Amino acid sequence: MTEIFGIPLPALLGQLLLGLVNGSFYAVLSLGLAVIFGLLGIVNFAHGALYMIGAYVGWGALEYFGIGYWWALLLAPLLVGALGVVVERTMLKHLYKLDPIYGLLLTFGLALIFEGVFRDRFGVSGQQYPVPDALQGATNLGFMILPNYRGWVVLASLVVCFATWFVIEKTSLGATLRAGTENPKLVQAFGVNVPRMVTLTYAGGAALAAVAGVLAAPVIQVTPLMGSNLIIVVFAVVVIGGMGSILGSILTGLGLGLVEGLTKVFYPEASNIVVFVIMAIVLMVRPAGLFGKEK
């Protein structure tokens with residue numbers, strides 16, 4: 001059997017594939033953060049809580065109303081996006097002219113409130129969410145048996161990430177969004193409702209977090225703490241990719257998932273810290289991040 005540095009090739013490829021699955025979650029979550037920070041300048045610490053709420057919407061829809069996974073993929077982003085509208089209109093809009101630290105503190109407080117409410121209502125025990133029937137089973141890839149659902153997670157994440165990147169970077173709508181955040185008075189002079197556009201942008205970022213939550217629900221247990229357990233890693237992904245860089249967040253999220261997978265093969269003890277080691281190195285060499293622009 002072929003070996004690389006003493007590791008059987010099938011085991012190495014298997015870990016890389018599992019790393020790509022984790023990287024898919026990082027990419028979708030960091031994408032939402034990058035959209036909100038890049039276009040609105042908000043360091044959205046509530047993003048992990050919105051991801052958790054998205055997972056709970058999917059779980060609750062099935063548990064209480066019998067609404068399955070595919071409808072949950074539509075329902076959760078809509079409901080969490082609506083929550084994002086309320087948060088932006090009632091709280092965040094008052095902070096845009098202040099130091100960004102106020103937005104960070106507000107969203108951090110919101111994250112604690114959301115987690116507290118769900119912990120009080122559902123406790124800290126994890127809730128199981130079944131894999132949909134259409135994605136049951138596994139596929140033999142020759143070097144590993146890949147659960148079909150995990151393959152779906154990778155595919156769906158790539159589609160969501162690159163569709164979002166295309167809309168923001170390559171369409172007139174995306175150009176209007178970027179112009180509206182850089183020079184709102186000029187864009188408003190052309191008849192664009194900038195405040196509404198800002199609100200919908202935050203809601204879109206929140207909806208992306210909800211999509212990640214529903215995708216994750218059948219893979220991990222749904223708990224009130226699932227967002228806080230992941231948000232620090234996701235922020236590290238955004239920092240490494242470049243704060244506000246849409247493409248940087250996507251590629252860095254996927255890449256760091258692969259690096260984590262390789263670390264688990266060669267030095268498992270370091271797999272939980274390798275992302276932060278890379279972040280420290282990148283900040284020393286290139287403070288703006290791999291894809292960020294120096295100011």
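In which helix is Glu260 found? Select helix H10 (residues 246-266), where Glu260 is found, helices here being DSSP runs of H or I with at least four residues, numbered from the N terminus. This is a predicted model, in which local features need pLDDT of at least 70 and side-chain atom pairs count only at pLDDT 80 or more, while totals for chains, interfaces and linings use all residues. Residues are numbered from 1 along each chain as its sequence is written, and side-chain values use heavy atoms, with hydrogens and water left out.

Glu260 is buried, with a relative accessible area of 9% (buried means under 20%, with a 1.4 Å probe and protein chains only). Leaving aside neighbours within four places in sequence, show the residues in contact with Glu260, namely Asn22, Tyr26, Ser271, Val274 and Val275, contact meaning heavy atoms within 4.5 Å.

Next, select helix H1 (residues 9-40) and helix H5 (residues 148-170), which pack at an angle of about 30° with their axes 9 Å apart; the axes are lines fitted to C-alpha atoms over the stretch in contact, and angles run from 0 to 180 degrees between N-to-C directions. That makes H1 roughly parallel to H5, a term for angles under 35 degrees. The residues making this contact include Leu31 and Val35 of H1 and Val160 and Thr164 of H5.

Finish at Thr164 in helix H5, which is buried, with a relative accessible area of 16%. A polar atom of the Thr164 side chain lies 2.7 Å from the backbone oxygen of Val160. Beyond its neighbours within four places in sequence, Thr164 is in contact with Leu31, Val35 and Leu208.

Technical notes. Helices (H or I, at least four residues) and strands (E, at least two) are DSSP runs, numbered from the N terminus. Angles under 35 degrees count as roughly parallel, over 145 as roughly antiparallel, 65 to 115 as roughly perpendicular and the rest as oblique. Buried means under 20% relative accessible area, exposed over 50%, partly exposed in between (1.4 Å probe, protein chains only). A polar contact is a pair of N or O atoms within 3.5 Å; within protein, one must be able to donate a hydrogen and the other to accept it, and residues adjacent in sequence count only if both atoms are side-chain atoms.
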